[in-house]
Amino acid sequence: MKKLLGALSILAIAGTSGAIAHHSTNLGYDTSIQDFEVSGTFVDFRWINPHVLLRLEVTNDAGEVDTWVAETHSTAVLGRFGWRPNMFEQGQEITIIGNPPRRADDRIIHIQLVETADGKRYSPNTPN
């Protein structure tokens, strides 16, 4: 009986390791700021779990091009809200509005809204 309980305990702990490892948005992003904007050229969509990533090239104040990574929810959540992996085209100009990185040197943003040059707006938090 002790062996059975020990084995079940190990399985229960191993089964929750993914949940324990999942990080909070607060760790990498300043969630007190909701309206940080990054505008640039869409490079690609990484339609992956646990978080979908968008990459865009942004020209900084020195005239150099930085690659920014924008993070949002899982493919399942975005799919329910009308997002698709082919909704943006490479080379398309987009603006991402969201939470800035906590570290000034990081080039990451947590998406609250994506706006295209033609004015279409996509939220990862409500149906589109």
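Q: Which residue of β2 stands opposite R46?
A: Keep in mind that this is a predicted model. Strands β1 and β2 pair in the antiparallel sense over five bridges. In that pairing, the residue of β2 that stands opposite R46 is L53.

Q: How many residues lie between β1 and β2 in their hairpin?
A: β1 covers 36–46 and β2 covers 53–59. The two form a hairpin, and the number of residues between them is six.

Q: Which residue in β4 does V38 stand opposite?
A: β1 has another partner to look at: six bridges join β1 to β4, and these two strands run antiparallel. Here V38 stands opposite I96.

Q: Which residues touch the most other members of the largest nonpolar core?
A: This core has 19 residues. The ones that touch the most other members are F45, L54, W83, F88, I94 and I96.

Q: Which residues does F45 touch, leaving out those up to four places away in sequence?
A: F45 sits in strand β1 and is buried. Leaving out residues up to four places away in sequence, its contacts are V52, L53, L54, W83, R84, P85, M87 and F88.

Q: What is the angle between the planes of F45 and F88?
A: These two rings form an aromatic pair, 5.7 Å centre to centre. The pair links distant parts of the chain, with F45 in strand β1 and F88 in the loop between α4 (75–80) and β4, 43 residues apart. Stacked needs planes under 30 degrees apart and edge-to-face needs over 60. This pair counts as tilted, and its angle is 40°.

Q: Are F88 and Y122 buried or exposed?
A: F88 and Y122 form an edge-to-face aromatic pair, 5.6 Å centre to centre with 90° between the planes. F88 lies in the loop between α4 and β4 and Y122 in strand β6 (residues 121–122), so the pair ties together parts that are 34 residues apart in sequence. For this question the cut-off is under 20% relative accessible area, and by that rule both F88 and Y122 are buried.

Q: Which residues form one aromatic cluster with F88?
A: The count of aromatic pairs comes to nine. F88 pairs with F45 and also with Y122. The cluster that holds F88 also takes in F42, F45, W47, W83 and Y122.

How values were computed:
Residues are numbered from 1 along each chain as its sequence is written. This is a predicted model: local features need pLDDT of at least 70, side-chain atom pairs count only at pLDDT 80 or more; totals for chains, interfaces and linings use all residues. Side-chain values use heavy atoms; hydrogens and water are left out. A nonpolar core is a set of buried Ala, Val, Leu, Ile, Met, Phe, Trp, Tyr and Cys residues joined through side-chain atoms within 4.5 Å. Buried means under 20% relative accessible area, exposed over 50%, partly exposed in between (1.4 Å probe, protein chains only). Helices (H or I, at least four residues) and strands (E, at least two) are DSSP runs, numbered from the N terminus. Contact means heavy atoms within 4.5 Å. Rings of Phe, Tyr and Trp (its six-membered ring) pair if their centres lie within 6.5 Å; planes under 30 degrees apart count as stacked, over 60 as edge-to-face and the rest as tilted. Two strands pair if DSSP finds at least two bridges between them.
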